Amino acid sequence: MDSGPSKRRKLDHSQTTSENAAQSVAPRGPSRLRVFILEADDLLGDVSLDYAVALQGADDLLHKVKGSIEAIEPHESLPINDAARRLEKKHRIHVPFPEPRPAKDSNYKVSFAKPLQFNVVGSYVSKTMVKSQRDHAVDMVVVIPAEILQEKDHHDLRYFYKRAYFLAVISAGLQKEFKDTADLLFEHLNGNPLCPIVSIRPKKDGTEKEGETPSLLDYRIRVIPCFPYGFFPKTKLHLEAALIRKGYEEGNLEPTPFYNSTLTAEGSFLAYLKVLRHAEKKCAAFKKACILGRIWLQQRGFGGDISRGGFGHFEWAVLLALLLQGGESKGNATLSTSLSSTQLFKALIQFLSVTNLAEKPCVLGPGRADFGAPEDCGPVIYDSSRQHNIAFKMSPWSAALLLQQAKRTRSLLSDNAVDQFGPSFILKTDLPLHSFDLVARLNHLGTFDKVSETDPRGRLWQLGEAVYKNLRRAFSDEDYGDKARLIHIQTPDRPAWPLAESMSPLDDSALQVGILFHPVNMARTVDRGPSAGPSAEEKEECDAFRQFWGDKAELRRFERDGIHETLIWNSSSPFELCEEIIRYVLSLHLRIGTVEKDLTFYGNGLASLLPLRPTDASVFNATRKAFASFERDIRDLEDLPLHVRQLAPVCPELRQASVKLPTLGWSKSGPQPMETVISFEASGKWPESIAAIQRTKIAFLLMIGRLLEQSKAGELKTWLGLEDSACDTENLAFLDVVYESGASFRLRIHSDLEEMLLEREAKDKTLEQYLRTKAATSLARFRRLYTQLPLHTQTISTFVTRFPALSPTVRLLKHWFNSHKLSCHFTDEFIELIVLHVFISPYPWEAPSSASTGFYRALLFLARWDWRSDPLILDTGGDMAAAERHAIGTRMEAWRKIDPNMNHTVLFVATAQDPSGLAYTTLDGHAKPSKVAASRMTALAKSASKVVREQGVKLDPRRLFVPSVKDYDVLLHLNGKVGKSILKTYPTDDLDIGSEGAVKHSKFKNLDERTGQNPLPLAQHPADALLKQLNAAYSGTLAFFRGAAEDKTIGAIWNPQMQQRSFRVNLPTSYQPVFQVKGDGSDGGDDDKEEEQAVDVNREAIVAEIARIGGDLVEKIDVKGL
């Protein structure tokens, strides 16, 4: 420690006051990076296995398996078919030869000798299993002795025939030993049809008690034969070698990269075991990084099986080990062994995100390797030291998917403003309805005849490869604009089969194709191809274009762009256009889709529920143009005392977020005005009284209406409407402007002085508390209408142009809220912000490119959102500081401490414009929604997400929109005819109904003076007015639920807290007296029993009062239990 006097520190004046202030309020808690590390450590502890308990008996079983195999008697060479028949006849075991099976006249000979070596490999040895993995297997490698193999066995499946027979003999010995204690099955190692193995699954002893969670996992032992390391020269097994020669002439041999890599993998089990063990010793965090990688891959649907992408835990671990030991071409290590597990995880994600395996081979280690074209060899991660392609089980589509997933995760981990842990390790991203905009199922494969005998993966895989190549050429042409961001093929799993049976072929199974749209280009109905110029290069491009597209290609002249090869599509919506392209391309090149049921398409069921059409955007644009015309008419008024500063829309129709399309023409139910607010330039002539300001607004509105009718005579009409105000300090009136064209607008006036007076009154401590509370409520209402709603409309309108799928997704989610009678409890703005959050924070996906994926992800978010403890923060500006986010979280914690029962604040939704978090979740001082409604929203979203997850692409979307009315205690059925008659209010209906002077209209239209007139706009829908009255009268007794305006049923639930109680004055609702017995009379018989007067809710009277309030609008009331 320095003992000298402290020196005066120079002050740095470069920082501004705002920067210092931001630093002073910066969060003192753990940073986002630290939180991610802590959560990852907790995850590692939660998923780790207690191997002694979870895999109890595995070591003893391995020793028994080893002893049983060693006890098998060897035999001399026999013809392969004779040996197979002998084994099947004696032990009832069908030898699992790969296809094509040995010919009947084959002169191959097979024998059996004791294995050269036994080794346990895989996750059991490295202790990197997790509880949640798909299955738990302990792998035992059995090395085939060299004396029963020949050096030329690497040709024409000879080694794999001998391997299959060797496995069958082992299975016969194991079946004899474990016939009563275990189940034995054949299966393919990682779905590779060349590599059958035998699995031994111990039978349950039934010792677990009923209802007790079993601690012993359902594991199995996999016995894997292989040849000794280095038996076949690596120089003969390179990727471009042609090792399947039977049936081909010498000059027509085709490379067999998959076959060759399978051979090198067969001899590399022990070599990679040493690689992994070395990495574990050198790097302390290696195992944990492997576990994190396993979970990351598992949540994205990846695995070592060919049908699951061919990139699983083994490939992750080996790749990480090679990068730690010497990943560079010069042999230097790419990663440091001192990195932590999360650092290693991020480093490998970074590596995968910049390595496109489908386009360029990745070579690890010293030396160079020459490869053919990527489409010939497939994805390549080449280990030059062991001369093996680690990614040989991968397909081009799985490599593209892995690249995209790594890029998304890298983007997520670099965004410190969002939760990084949940999207990385918790969310499942392989659900097709969440990941793809269109899913197609290929049901008929009989017409595909382009099968190569040199590819042992089979006819179905080759069909998938052909489908992918053609669709990628059709959708992912970078020169002319990509229509799809991702194309993925899902092949079926290869099931296990009994020892006595032959394996079932997969040729009759179906392929599943997933397409992720480009949000802009997929809607393009005219595609320009290459230019039809005179040069040889242009002619070559045009010939290739016409050869692929066939008769669909035609020449067209474009203004300022010359003549081009062109494709004209008949469909209009992105989904239908994608379906049209798929049907055309597969029918042209693969003869698939000529029959309607050959192809089944999923993902468009939601569009028919509203319905959603491509022309909807033009309707909303026409509405915006009508508003622009209305604004121009307002600004052109010359006799206004103040200049118009702003005319802002505040309704969903003018931000493309209304469930129904706005109606610009006349409708039978009358005009439905679109709400707007107008603000004027600052003026000192406003009265300094809130009540006087409201009356001044009325005068302003009357003047605006008169001036509009004068300036646009015959083009519009105006009416002054009165608000349902409780006092004269609230807004009293609005102006409805209805154009003859059908467009209608509702105008309210904003006054800056009114906000200032309300704020002064709310902070005036000399006033009574109830007056200050009333002023604060009015101030919040004022700011919501005149400040926050215009900003919100502007924000949504901006993002709608940025994300084409945002508007239909908002409409779908609002329709879901309406269907389940939740919309009366939630503001439109809240629902819109939920959808916007899915688009601007889409992790672990990209922003939705269709309404269907956006809707399903919004439901998933609602199902997972813990609104009791987590605020929803939307950084709409993209520049929200960490200090602001921390302040929002602190504010929510303060609200939860003040109001732990959430009576006043339930949901907390903050934006850059409204950091308070309450603007869109409170209305008139009350929580909107209530805790009951928010809980029901979460429960319904969880149920819907569960159905989506379980049903998959076969889901009928209509199921998600079917309401459950059995949960309601009271159902109010509304009379539709009465509602329609109330909506039809005409200008001549100016007398009170029921008065002696009321006009009686003729039932004949030609004698009715209303004929030819248009109904007046109503201030509120009749059902909404009824619901408002019911909530005001019975808010503490009943919770009412209602959907959209056309919903003819109102549901209600009794408050469970309203139970039988003792009588007191000022009871909250209607009660009736009841008598309850006090005491049990055990001492003195009936004389000891006392009757105590109590009261209970008078449900019959409340229901009768509701019927009286509803009048003719309520047709029938159903009450549960009455």
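Predicted model: local features only at pLDDT ≥ 70, side-chain atom pairs only at ≥ 80, totals over all residues.
Colleague: What kind of peptide bond joins tyrosine 843 and proline 844?

Modeller: Most residues other than glycine have a negative phi, and most peptide bonds are trans. The bond between tyrosine 843 and proline 844 is cis, with omega about 10 degrees. The bond from glutamate 99 to proline 100 is also cis, with omega near 0 degrees, and proline 100 lies in the loop between α5 (80–91) and β2 (109–112).

Colleague: Where is leucine 157 found, and what is its phi?

Modeller: Leucine 157 belongs to the loop between β4 and α7, and although it is not a glycine, its phi is positive, at about 65 degrees. Leucine 157 is buried, with a relative accessible area of 5%, where buried means under 20%, exposed over 50% and partly exposed in between (1.4 Å probe, protein chains only). Glutamine 656, not a glycine either, has a positive phi of about 60 degrees; it sits in the loop between β19 (644–649) and β20 (674–680), and at 16% relative accessibility it counts as buried.

Colleague: In what order do the strands of the open sheet run?

Modeller: Two strands pair if DSSP finds at least two bridges between them. Here six strands form an open sheet in the order β3-β4-β7-β6-β5-β13, with mixed pairing. At its edges stand β3 (117–121) and β13 (497–498), each with a single partner strand, so one side of each is left without a neighbour in the sheet.

Colleague: How many bridges join β6 to β7?

Modeller: Three bridges join β6 (residues 196–202) to β7 (residues 219–226), and these two strands run antiparallel; isoleucine 200 has isoleucine 221 in β7 as its bridge partner.

Colleague: Which helix lies across β4, β5, β6 and β7?

Modeller: That is α7 (residues 158–178), which lies across β4 (136–143), β5 (182–188), β6 and β7 and runs at about 140 degrees to β7. Axes are lines fitted to C-alpha atoms, for helices over the stretch in contact (heavy atoms within 4.5 Å), and angles run from 0 to 180 degrees between N-to-C directions.

How values were computed: Residues numbered from 1 in each chain as written. Heavy atoms only, no water. Helix = DSSP H or I, 4+ residues; strand = E, 2+ residues; numbered from the N terminus.
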